[in-house]
Structures are given as C-alpha cells and as structure tokens.
Amino acid sequence: IFVVSRLVFDSIEDRFLNQLYEIGKISSEWMVREETRLLETERLLANTTEIAEAIKSGDAERLRILAYPIAVNSQVDAVEILDMDGTSQLSMHHREGGRVEEYIFSRGETVLAEWDFVNKVLHAQQDDLGDKFGGMVQVAWGDFFYICGPIFDQDGNRVGAVLVGQSLLTLTRGMRESTLAQVTIYTFDGTPLVTTFLDATPL
C-alpha cells in the first residue's frame with residue numbers, strides 16, 4: 001500500500017508540476033501576443049493622417065476625434081499622445097467597470113516625460129528591434145503596461161510620441177480567462193502588484 005501510494009501521489013505531483021510549467025508557457029505566449037496587439041494599435045495611431053499636424057497645433061479636440069475610434073475598436077485601456085517636451089496633448093483612460101466606449105479625457109500631464117522608455121523614444125534612441133519601447137508604470141490612474149513609439153510628420157520630422165497601454169488588472173484577467181489559472185504579477189522585490197486571487201503573499 002505504501003509503495004502504491006507513493007507511486008500514485010508522485011505521479012499526481014509530477015502531472016501537477018508539468019501542468020504549471022505548461023500554464024506558465026501559455027501565459028508568456030499570451031503576453032507576447034498582447035504586446036504585439038498593442039504595438040499594432042500604436043502603429044495605427046502613429047500613422048493616422050492628421051495626427052502629427054494636430055500635435056503641432058496643440059489641437060486636443062482633433063486628436064480626440066482621430067484617436068477615440070481606434071482606442072475603442074482596439075479595446076485598449078489607455079492612449080497618451082505627447083509632444084516633443086513629453087507633455088500630454090491627449091490622454092484617454094478607459095473608465096474602470098464602464099462600457100467599452102467609456103473613456104476619461106484629459107491633457108497637460110507631464111509625469112510621462114519622466115519615464116525612461118518614453119525618454120528613449122523622444123530622444124530618438126533605438127535598439128536592435130527598432131525605435132519603440134515598452135515599460136510598466138505605477139501612476140495615479142493605475143498600474144499599466146505601455147508600448148511607446150514616435151510620431152513623424154509628412155516631412156519625416158519627429159513631432160511627438162504615442163503610448164498605448166493596458167492596465168495590469170486587464171492583463172491578469174486576460175491570462176486568467178485564457179489559461180483558467182490564477183495569476184499574480186510581482187515587482188522584482190517580490191511585492192504583488194495585481195492578482196486574480198483574493199489576496200497575494202509577498203515572495
């Protein structure tokens with residue numbers, strides 16, 4: 001009985017661990033697909049006709065008219081359009097718990113210019129993958145993952161940057177729905193940022 005029990009429980013534990021490894025892999029692949037989707041939305045916004053001119057003229061209403069349908073269709077949680085000083089000419093944040101089309105609009109935010117990955121875009125830095133960068137931030141409107149890329153006018157001059165983001169809560173919910181597993185995102189020091197559990201233990 002002892003030997004059979006050990007074999008059975010060892011087999012169950014092995015299957016459980018293998019399942020966790022597989023879920024981890026699926027979650028990583030899901031995040032790569034989500035990053036690619038955000039990148040596609042960023043490119044769509046950056047290449048939308050009249051966006052560059054609206055930034056140069058400081059026309060926030062025109063930016064809203066151009067960017068709003070793209071944000072709604074892509075179902076992104078945040079869009080930030082910046083001038084070359086890193087000041088927001090238009091910020092769109094999806095209302096938590098609201099309908100797909102419910103966004104809060106603002107402008108004039110300057111904290112984005114302090115983010116390292118945004119500075120890289122504004123200062124025309126590139127890496128082996130190009131001129132777009134991503135980063136995770138904790139701000140007044142929540143914890144977000146952003147993709148940032150430059151905006152050029154018709155003459156090829158850099159006029160600003162656009163950020164497209166999803167809240168970490170949206171990301172963990174998406175992973176949960178895709179994998180049926182509980183998901184927690186931690187900082188590098190082991191502090192839980194967001195979880196699908198009722199509570200998460202620090203690592």
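**Figure 1. Pairing of strands β1 and β6 in the predicted model.** Strand β1 (residues 78–83) pairs with β6 in the antiparallel sense over six bridges; strands count as paired if DSSP finds at least two bridges between them. Helices (H or I, at least four residues) and strands (E, at least two) are DSSP runs, numbered from the N terminus. Within this pairing, D83 has G160 of β6 as its bridge partner, and I81 stands opposite V162 in β6. This is a predicted model, in which local features need pLDDT of at least 70 and side-chain atom pairs count only at pLDDT 80 or more, while totals for chains, interfaces and linings use all residues. Residues are numbered from 1 along each chain as its sequence is written, and side-chain values use heavy atoms, with hydrogens and water left out.

**Figure 2. The hairpin of β1 and β2.** β1 and β2 pair in the antiparallel sense over five bridges. The bridge partner of A78 in β2 is H93. Four residues lie between the two strands of the hairpin, and G86 takes a positive phi near 85°.

**Figure 3. Burial of strand β1.** Six of the six residues of β1 are buried, where buried means under 20% relative accessible area, exposed over 50%, and partly exposed in between (1.4 Å probe, protein chains only). In a regular strand the side chains alternate between the two faces of the sheet. Both faces of β1 are covered, with A78, E80 and L82 buried on one side and V79, I81 and D83 buried on the other.

Figure 4. Six strands form an open sheet in the order β3-β2-β1-β6-β5-β4, with antiparallel pairing. The edge strands, β3 (103–106) and β4 (133–139), each pair on one side only. From one strand to the next, the twist averages 20°; axes are lines fitted to C-alpha atoms, for helices over the stretch in contact, and angles run from 0 to 180 degrees between N-to-C directions. Helix α3 (residues 60–74) lies across β1, β2 and β3 and runs at about 35° to β2. Helix α5 packs on the sheet and touches β4, β5 and β6, its direction making about 50° with that of β6. Contact means heavy atoms within 4.5 Å.

**Figure 5. Surroundings of S74.** S74 lies in helix α3 and is buried, with a relative accessible area of 15%. Not counting residues up to four places away in sequence, S74 touches R37 and T41.

**Figure 6. The largest pocket.** The largest pocket has a volume of about 600 Å³. Of its 27 lining residues, D77, H94, Q166, S167 and T170 are the closest to its centre. On a 1 Å grid over the protein atoms alone, a pocket is an open set of points where a 1.4 Å probe fits, with protein on both sides within 12 Å along at least five of seven lines; lining residues have an atom within 4 Å of a point. Grid points are joined across faces, edges and corners, and a volume is the space filled by probe spheres set on the points. Helix α5 gives the most to this lining, with six residues. The lining divides into ten nonpolar, nine polar and eight charged residues. Ala, Val, Leu, Ile, Met, Phe, Trp, Tyr, Cys and Pro count as nonpolar, Asp, Glu, Lys and Arg as charged, and the others, Gly among them, as polar.
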